[in-house]
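Welcome! Have the picture ready and try each task before reading on.

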Amino acid sequence: PLLRIRMGLAIVPQGPYPYGGDYQPSQGVRRDVLDEVEVRQMLIEHVGHRCCWGSRPARTWKITSIKDCCDVYVGTLETFIEQRDTIFEREPYHGGEVDGRDKGPVLGVWELDLRSEFPPLFVPEKEVRFKIPHSEFTEKCSDCEGRGKVPCPTCNPGRQYGFYMANQMTQCSVCDGRGSLAQQDESDKVCWMCNGQGVLPCTECGSRGLVTCRTCNGCGSLLTQSIARVRWETLTARKVSATAETATVPDEVFHRAQGVQLCNIQAYQCTPAFFADSYPLNQLSSEVVASRLPVPPSAIVISERHIISVVPVTRVTMSHRKRSFIFYVVGYGRDVFVRNYPSRFCWGLCRCFEWLGN
Ligand SMILES: [Zn+2]
Ligand SMILES: [Zn+2]
Ligand SMILES: [Zn+2]
């Protein structure tokens, strides 16, 4: 392990460190030295969280090797962006004050002062919406042409306002239009449903022929206002410098792992970091910066942050007779990743395979 500690110390990146991160050149990249008892305990705990994994191999198989792999380097480029657009909201206008253009200028969506809403840099996402001052205006409801009522869709379907018909009745289905019902003694009785009329009024409009316009809720006019929708978001490009030993471990494991930062550069637009004595790190940094995610046309970039971290990895082999399996202890948080655990009883139907959810 000491080899890696020295290697970590030797890597002194150049460039400014406005945010420094955890990295200080004087602090060694300390590596935990794990013993058999510890790694077995970690594995037992990991297996215990998976309902369908038997604990027997973890408890009883022999640990045949504990090997510190080459450190894995993880690079990220975060692009923190802001997007703004305008949406329109309409509601029935019941009268009263309108905050319109006559009250003051209407600012464009990018002219609004949002300093009080601004989130910390590099939050995953935040969205706010608010009314743009003086953007209100009223207009006649086009669905009812300002009348507040429209022909009833049940008894006057498809008719224009000027051509609706009131008193449209339907035949009573209880008495079939006769108005009376035959009784057992063969006398007639007035139909309880239509009250002897034989017809029934429209249930939706009471056969008035008109119903309240749903668009304006009967007001005849609508109030429209502009809403500013502002969204901050961090787009993250990631890369892992996998080695042959760790190539089967998914990248996500390393991205989640706790490592030590070797560089943490923040700028409007990051350029690759320069490590004086490490060609692979320079290459990783260049690749990460080159894989910057595309910024949508309606967005502006506020800042970028480029981090390269080193994550220690230990590989443990366990064997029993002629069978064996491998697991990894990743990062300072000691995350466990098991590649081919021998005692799984599920076949993909339960959540066991979602190791990411952990
Ligand atoms: Zn209307
Ligand atoms: Zn009707
Ligand atoms: Zn009837």
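**Exercise 1.** Which strands does helix 2 lie across, and at about what angle does it run to strand 1?

*Solution.* Before starting, note that this is a predicted model, where local features need pLDDT of at least 70, side-chain atom pairs count only at pLDDT 80 or more, and totals for chains, interfaces and linings use all residues. Residues are numbered from 1 along each chain as its sequence is written, while chains are lettered from A and ligands numbered from 1 in the order in which they are written.

Step 1: find helix 2 at residues 36–48. Helices (H or I, at least four residues) and strands (E, at least two) are DSSP runs, numbered from the N terminus.

Step 2: look at what helix 2 lies across, namely strand 1, strand 14 (313–320), strand 15 and strand 16.

Step 3: read the angle to strand 1, about 105°. Axes are lines fitted to C-alpha atoms, for helices over the stretch in contact (C-beta atoms, placed from the backbone, within 7 Å), and angles run from 0 to 180 degrees between N-to-C directions.

**Exercise 2.** Work out the order of the open sheet of 4 strands and find its edges.

*Solution.* Step 1: the order is 1-14-15-16, with antiparallel pairing. Two strands pair if DSSP finds at least two bridges between them.

Step 1: strand 1 (62–68) and strand 16 (335–338) each have a single partner strand, so one side of each is left without a neighbour in the sheet.

Step 2: neighbouring strands here are turned by 25° against each other on average, direction ignored.

Step 3: check one pairing. Strand 15 (residues 323–330) meets strand 16 over 4 bridges, and Phe327 stands opposite Val338.

**Exercise 3.** Which strands pair with strand 11 (residues 221–241) through 20, 7 and 4 bridges?

*Solution.* Step 1: strand 2 (residues 72–92) runs antiparallel to strand 11, with 20 bridges; Thr79 has Leu235 as its bridge partner.

Step 1: strand 3 (residues 125–131) has 7 bridges to strand 11, also antiparallel, with Val128 opposite Val230.

**Exercise 4.** Which residues does Phe254 touch, not counting residues up to four places away in sequence?

*Solution.* Phe254 touches Val72, Val74, Val240, Val311 and Val330.

Notes: Two residues are in contact if their C-beta atoms, placed from the backbone, lie within 7 Å.
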